[in-house]
Amino acid sequence: MIRLLRFPLWHLLVLGWLALPRHSAAQDRRRAASPRPAPATRCDYHLRWDGKSSRLGVQLDYTAVSADSTVFVFAPEHLGGQADIFQVLENLRPGPTDRLRVVPAQQKIVVLHTRAGRHTLHYVLNGAIAGPRQKSTPRELFRPVIMPGSLYLTSAFFLLQPQDCPPAASSLQFDQFPAGVGYFLSAAPRATPGSRQLLQPGRQQFWTMVLGTDIVRREYRVHNIPYYSLTSRRDTVNRMSQELAPFFTRFFPTLRTFWHDDQDAYYYLCVLPTYNTEPTAGGFGWGPGFIMKYSGPFDNWAKLIVAHETSHSWIGSQLTLGENSFANQWFGEGFNDYVCLINLAASGIFDSQTFLEYLNNRTLRPHYTSAIRSAPNDSIAPNYWRNTAYQRLPYRRGLLYAFYLDNQVRLASHNQYTLRDVLLALRTRARALQAKDPNANLSVDDFIETAGRFMPREQVAHDVAVHMLQGQPLDFHHFPLIPAFRVTFDGEVPVLGLTGTTPLSAIYSW
Ligand SMILES: [Zn+2]
């Protein structure tokens, strides 16, 4: 069973805010540093699905380490708000000489047996969409969805593993599956459903599987790294496979150039229409990929979700400021949002009008008219679930500070440096810290010291203390911007525009 030791980020999604865990590089580092389980243990999963039913049959052959019992826990507690996730498990059946004790309140299954060694446990996953279809997006993201011709699973709500001794290796294999299906298993991207797929511990435990007659699978190369696009023909509004293509051909290459990073094994985007009919979009980062479910047109703001979440492979994953990602969301969310926005502009997915619309109508105006715009940073966590205004506050505050800082670094260095240089230096610092301690995160002082190499350090220290930690909004009357930008005011609200001296694609190029 996956142990999610902490929930590194709480992700916020349009049209409904879903709480969800994100797999992080820090988790990988911790896992790599933890002792390996005994090598002889293994779990082998045999799957059966007829392509029509909402039920997936699983036969788990596992190694019992203790003679008398083996304990399994199903699904991380309340993952994505699914307090009743245990109900998807049906027909639990142990081997002929074993007995079961099931504790639904703890999502726990105890198999009582009389010897160690190999045992079998059968179970069924019911992937019917429970309850009314309206507003079912969390259910469609955080539970198995098994509908005629289409199956969606992640390891979070599939795997049963012995708790006392997680397997050293696992395998997964379909003994029955419908003909003519598209297939993708993120842990083994090249595998076909008929082959036996070996799953290594660690990162591969965070896998996603789609299988169905509706699945459209495309493969790209980004800086020579395999990238996979998984979409569905069920969408009759968008040709999603084509809609996503510019991400693979333009956005991801631009983003990897920005971060100067060609170091991943692979990445996937799994973007599937909901069975829910209300306009919606939501998703979560999972292993080396991002899963999104949506309905309605794939507009600029849905594109922004894809860009924002996939950008978290760096800020929020490789770069975290403070003890946890909740401490300084102005950086983890706001700076990530800025990096995502300027890469959307640099890759031509956002034109200058959309870029300014996001800054003005979706950031500056709601921020400068918000009743809580001056709330201090440490008031965000306690109010986060009580008042939705607090959920957007760090995004907007951080994005505006990142924009400001980018301008100040450019001005102070006579255009020799930009915020990108600050972030690359910060990553170098993070890597040095993590070389000594895999759990180390950057501190606010690391941020100040690093940015202070590119503009006056005292200014950075002041700005972080006053504008990010105390929460006082930046006063756009009192600082210059690069000549390409101008600012006017609508009452108290700053309004950004382009002067036309430099095109957006030239401001944001690397
Ligand atoms: Zn985010």
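This is a predicted model: local features need pLDDT of at least 70, side-chain atom pairs count only at pLDDT 80 or more; totals for chains, interfaces and linings use all residues.

Colleague: OK, which domains is the protein divided into?
Modeller: There is domain 1, covering 25–311, and domain 2, covering 329–507. Taken over C-alpha atoms, the centres of the two domains are separated by 35 Å, and the contact takes 21 residues from domain 1 and 26 residues from domain 2.

Colleague: How much area do they bury between them?
Modeller: Domain 1 and domain 2 bury about 2300 Å² between them, and 62% of that is on carbon and sulfur atoms. On the side of domain 1, the residues that lose the most area to domain 2 are Phe258, Trp301 and His308, which together make up 32% of what that side buries.

Colleague: And how many salt bridges and polar contacts go across?
Modeller: The rule finds one salt bridge across the interface of domain 1 and domain 2, and it also finds seven residue pairs in polar contact there.

Colleague: Which elements of domain 1 make up that side?
Modeller: Those that give two or more residues to the side touching domain 2 are helix H1 (25–33), helix H3 (240–259) and helix H4 (300–311). H3 gives the most, with nine residues. Sorted by kind, the residues on that side of domain 1 are ten nonpolar, six polar and five charged.

Colleague: Back to salt bridges, then. What does aspartate 261 pair with?
Modeller: One partner is arginine 427, whose side chain meets that of aspartate 261 in a salt bridge at 4.0 Å, N to O. Another is arginine 256, where the salt bridge with aspartate 261 is at 3.7 Å, N to O, and both aspartate 261 and arginine 256 are buried.

Colleague: What else does arginine 256 bridge to?
Modeller: Arginine 256 also forms a salt bridge with aspartate 264, with the closest N and O atoms 2.9 Å apart. Aspartate 264 is partly exposed, with a relative accessible area of 28%.

Colleague: Why does arginine 256 count as buried?
Modeller: Arginine 256 counts as buried because its relative accessibility is 1%, and the cut-off for buried is under 20%.

Colleague: How many salt bridges does the structure hold?
Modeller: The structure holds 14 salt bridges. One of them is between the side chains of arginine 234 and aspartate 214, at 3.3 Å, N to O. Arginine 234 lies in the loop between strand S15 (225–232) and H3, and aspartate 214 in the loop between strand S13 (208–212) and strand S14 (215–222), so the pair ties together parts that are 20 residues apart in sequence.

Colleague: Are those two residues buried or exposed?
Modeller: Aspartate 214 is buried, with a relative accessible area of 6%, whereas arginine 234 is partly exposed, with a relative accessible area of 29%.

Colleague: Changing topic, where is histidine 260, and what is its phi?
Modeller: Histidine 260 sits in the loop between H3 and strand S16 (267–273), and it has a positive phi of about 55° although it is not a glycine. Most residues other than glycine have a negative phi. Histidine 260 counts as exposed, at 66% relative accessibility.

Colleague: And what about phi of histidine 414?
Modeller: Phi of histidine 414 is also a positive value, near 50°, in a residue other than glycine. Histidine 414 is found in the loop between H8 and H9, and at 72% relative accessibility it counts as exposed.

Colleague: How many residues of helix H10 are buried?
Modeller: Helix H10, residues 444–451, is mostly covered, with six of its eight residues buried. These are Val444, Asp446, Phe447, Ile448, Thr450 and Ala451, and what covers them includes helix H5 (329–346), helix H8 (388–412), helix H9 (419–436) and helix H11 (457–469).

Colleague: Last one: what does glutamate 90 touch?
Modeller: Leaving aside residues up to four places away in sequence, glutamate 90 touches Arg55, Tyr123, Val124 and Asn126. Glutamate 90 lies in strand S4, residues 89–94, and its side chain makes a polar contact with the side chain of asparagine 126, at 2.9 Å.

Conventions:
Residues are numbered from 1 along each chain as its sequence is written. Side-chain values use heavy atoms; hydrogens and water are left out. Domain bounds come from an automatic or database domain assignment. Contact means heavy atoms within 4.5 Å. Buried area is the accessible area (1.4 Å probe) that two parts lose on being put together, summed over both. A polar contact is a pair of N or O atoms within 3.5 Å; within protein, one must be able to donate a hydrogen and the other to accept it, and residues adjacent in sequence count only if both atoms are side-chain atoms. Helices (H or I, at least four residues) and strands (E, at least two) are DSSP runs, numbered from the N terminus. Ala, Val, Leu, Ile, Met, Phe, Trp, Tyr, Cys and Pro count as nonpolar, Asp, Glu, Lys and Arg as charged, and the others, Gly among them, as polar. Buried means under 20% relative accessible area, exposed over 50%, partly exposed in between (1.4 Å probe, protein chains only).
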